[in-house]
Amino acid sequence: MAPDRQYTPAPSHDVTLIGRLTQQRTIVVEALIRADDFVGAQALHDQLAAAGSPVGLSTVYRTLAGLARVGRVDVVRDASGERLFRYRLGPEHRHYLICTECGLSRPVDSGPVEEWADTIARTSGFANVRHTVDLSGVCPDCGRRQAADEHR
Ligand SMILES: [Zn+2]
Ligand SMILES: [Zn+2]
């Protein structure tokens, strides 16, 4: 299935959603879009540093946390509990199945989850009802590797 690429990322607009438009924040958002996968703050900072961008780790953390707050990224936790962020290419959030071994992630059909969450939101009397659903497991490649290790 081809990924949805119709949505055009707008780094500067995303930055204005979380606060003042600064060049450093824009650089972080652009790097996150380029990463095109789940990435942690430290790893993103390392990529920027390697490319010669003088963006501080705390700026990376704050920008990613801000994007999470306004719903511009999907967030999962890896096996060690670190938060990983992926730029959201569409206006709708998505849910992911993430491998606890290698970090591979793939979007999953979440229709029933959305219907259930909508029903709760409509009937509970609560406002701004949000949900977080992450599925994790071991991907086929890692599963094969584990099986091979066991038989060695
Ligand atoms: Zn894996
Ligand atoms: Zn959802």
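View 1. Three strands make an open sheet here, ordered 1-3-2, with antiparallel pairing. Strand 1 and strand 2 (73-77) are the edges, each pairing on one side only. This is a predicted model, in which local features need pLDDT of at least 70 and side-chain atom pairs count only at pLDDT 80 or more, while totals for chains, interfaces and linings use all residues. Residues are numbered from 1 along each chain as its sequence is written, and chains are lettered from A and ligands numbered from 1 in the order in which they are written. Strands (E, at least two residues) and helices (H or I, at least four) are DSSP runs numbered from the N terminus, and two strands pair if DSSP finds at least two bridges between them. Strand 2 and strand 3 (residues 83-87) run antiparallel, joined by five bridges. Across from Asp74 you'll find Arg86 in strand 3. Helix 4 (residues 57-69) packs on the sheet and touches strand 2 and strand 3, its direction making about 110° with that of strand 2. Contact means C-beta atoms, placed from the backbone, within 7 Å; angles run from 0 to 180 degrees between N-to-C directions, with axes fitted to C-alpha atoms, for helices over the stretch in contact.

**View 2. Helix 2 crossing helix 3.** The axes of helix 2 (residues 23-35) and helix 3 (residues 41-50) come within 10 Å and cross at roughly 105°. The two helices are therefore roughly perpendicular (65 to 115 degrees; under 35 is roughly parallel, over 145 roughly antiparallel and the rest oblique). On the helix 2 side sit Ile27, Ala31, Leu32 and Ala35, meeting Leu44, Gln47 and Leu48 of helix 3. That contact has six nonpolar residues, one polar and no charged (nonpolar: Ala, Val, Leu, Ile, Met, Phe, Trp, Tyr, Cys and Pro; charged: Asp, Glu, Lys and Arg; polar: the others, Gly among them).

**View 3. The buried side of helix 2, and what follows.** Arg25, Ile27, Val28, Val29, Ala31 and Leu32 are the buried residues of helix 2 (buried is 20 or more other C-beta atoms within 10 Å of the residue's own, exposed 12 or fewer, partly exposed in between, with C-beta atoms placed from the backbone). They pack against helix 1 (11-18), strand 1, helix 3, helix 4 and strand 3. Just after helix 2, Asp36 takes a positive phi of about 55°. Asp36 counts as exposed, with 11 C-beta neighbours inside 10 Å.

**View 4. Phe38 in its loop.** Phe38 lies in the loop between helix 2 and strand 1 (39-40). With 22 other C-beta atoms within 10 Å, Phe38 is buried. Leaving out residues up to four places away in sequence, Phe38 touches Val76, Leu84, Phe85, Arg86, Gly103 and Ser105. Val73 is 35 residues from Phe38 along the chain, yet their C-alpha atoms are separated by 9.5 Å.

**View 5. Strand 4 and its two partners.** Strand 4 (residues 95-99) has Tyr96 and Ile98 on a covered face, and His95, Leu97 and Cys99 on an uncovered one. Four bridges tie strand 4 to strand 5 (residues 105-108), and the two run antiparallel. His95 has Val108 as its bridge partner in strand 5. Five residues lie between the strands of this hairpin, where Gly103 takes a positive phi near 85°. With strand 6, strand 4 runs parallel, through three bridges; there, Ile98 stands opposite Ser136.

How values were computed. Two residues are in contact if their C-beta atoms, placed from the backbone, lie within 7 Å.
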